[in-house]
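Please look at the sequence and the three-dimensional structure shown here before reading on. The report that comes after them is meant to be read with both in view.

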Amino acid sequence: MKVFVYDLEKCNGCHNCQIVCKDEHVDNEWLPYAMPQPDTGQFWSKVEEEVCGRVPHVRVNYLPVQCNHCDDAPCMKGNPAVKKRDDGLVIIDPVESKGERGIVDACPYGHIYWNEELEIPQKCTGCAHLLDDGWEVPRCVDACCTGALRFGEEADFADELKDAVVLGEEFGTAPRVYYLNKPERFVAATVVDVYADEVVEGATAMLQRAADEEVVSTGETDEFGDIWFEDVRPDVYRLWLKKDGYLDQAVDVDLTQKDCSIPELQFFKQPVKA
Ligand code: SF4
Ligand code: SF4
Ligand code: SF4
């Protein structure tokens with residue numbers, strides 16, 4: 001049984017996978033697996049971009065998505081036109097599915113599109129026509145020059161898949177598309193002594209989880225006054241700052257929904273005793 005494996009650390013957002021999918025399927029008929037994809041409106045492979053944080057602490061995450069070729073696929077339930085091949089690919093039969101608009105809504109990921117002109121539901125076929133023709137991998141995999149996207153026998157990826165995640169695990173569909181190195185959240189701050197009008201280098205920063213007060217990470221501000229904590233699990237934290245001659249400073253940081261950037265974290269010198 002085949003799997004798709006995306007290593008997000010290697011994905012540079014080039015969109016090649018998305019572009020060649022269009023090239024392979026727009027205006028091309030690959031029966032019995034697919035009728036032509038329309039010029040616009042469908043993305044069987046789609047590179048999603050998420051801009052996280054704010055200036056000056058910005059990171060762009062790329063997340064390529066496609067049909068997950070689920071083992072427990074809701075789109076197959078009660079829809080005889082949707083079938084699973086022996087290699088694990090889920091195919092919507094373009095002839096049998098004519099007029100079956102309900103199949104579009106059956107995918108909890110939104111990966112099925114309705115072709116208004118042909119009146120059929122359409123999605124990624126895994127390029128089954130190419131595999132049948134002797135190709136070892138689909139077009140999108142072949143076009144990924146960084147090696148971020150791979151395809152092959154599940155057993156050959158067994159070791160790596162132990163650390164992989166799937167999207168929409170809560171849907172319980174047993175996806176066959178896996179992701180390695182999916183970034184967690186980050187906290188970044190620029191520490192500033194506003195009275196001296198300068199950034200503060202060499203301040204000790206400490207990230208403490210609010211629930212149990214465990215310190216999950218420590219670091220030091222660099223020559224630009226910056227501190228970055230990467231790969232932090234979504235949760236609520238307290239960011240502590242300490243440095244000789246300064247008052248201890250703490251700010252609450254909520255990473256449950258998004259990353260956190262603090263462009264100017266004010267740090268105050270201890271008052272001088274008279
Ligand atoms: S072709 Fe590869 S590197 Fe480029 S966006 Fe797709 S997965 Fe990422
Ligand atoms: S991702 Fe959606 S369309 Fe693809 S197999 Fe799973 S349920 Fe079906
Ligand atoms: S496997 Fe083929 S149809 Fe599916 S996303 Fe890749 S190029 Fe497109």
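This is a predicted model: local features need pLDDT of at least 70, side-chain atom pairs count only at pLDDT 80 or more; totals for chains, interfaces and linings use all residues.

Residues are numbered from 1 along each chain as its sequence is written, while chains are lettered from A and ligands numbered from 1 in the order in which they are written.

**Domains**

The chain is divided into domain 1 (2-180) and domain 2 (185-266), with bounds that come from an automatic or database domain assignment. The centres of the two domains, taken over C-alpha atoms, are separated by 39 Å. Seven residues from domain 1 and seven residues from domain 2 make up the contact; two residues are in contact if their C-beta atoms, placed from the backbone, lie within 7 Å. On the side of domain 1 that touches domain 2, strand 2 (45-54) and strand 3 (57-66) each supply at least two residues. Strand 2 gives the most to this side, with three residues. Helices (H or I, at least four residues) and strands (E, at least two) are DSSP runs, numbered from the N terminus.

**Helix 1**

Which residues of helix 1 (residues 16-25) are buried? They are Asn16, Cys17, Gln18, Cys21, Glu24 and His25. A residue is buried if 20 or more other C-beta atoms lie within 10 Å of its own, the C-beta atoms being placed from the backbone. The cover over these buried residues includes strand 2, strand 3, helix 4 (139-143) and strand 8 (149-153). Just after helix 1, Asp27 takes a positive phi of about 65°.

**Ligand shells**

Helix 1 also takes part in the shells around ligand 3 and ligand 1. A residue is near a molecule if its C-beta atom, placed from the backbone, lies within 6 Å of it.

| Shell | Residues | Closest residues | Elements giving two or more residues |
|---|---|---|---|
| Ligand 3 | 13 residues | Cys21, Cys124, Cys127, Pro138, Cys140 | helix 1, helix 4 |
| Ligand 1 | 16 residues | Cys11, Cys14, Asn16, Cys17, Cys144 | helix 1, strand 3 |

Around ligand 3, helix 1 provides the largest share of the shell, three residues. By class, the shell around ligand 3 has six nonpolar, five polar and two charged residues, whereas the shell around ligand 1 has eleven nonpolar, five polar and no charged residues. Here Ala, Val, Leu, Ile, Met, Phe, Trp, Tyr, Cys and Pro count as nonpolar, Asp, Glu, Lys and Arg as charged, and the others, Gly among them, as polar.

Definitions and conventions: A residue is buried if 20 or more other C-beta atoms lie within 10 Å of its own, exposed if 12 or fewer, and partly exposed in between; C-beta atoms are placed from the backbone.
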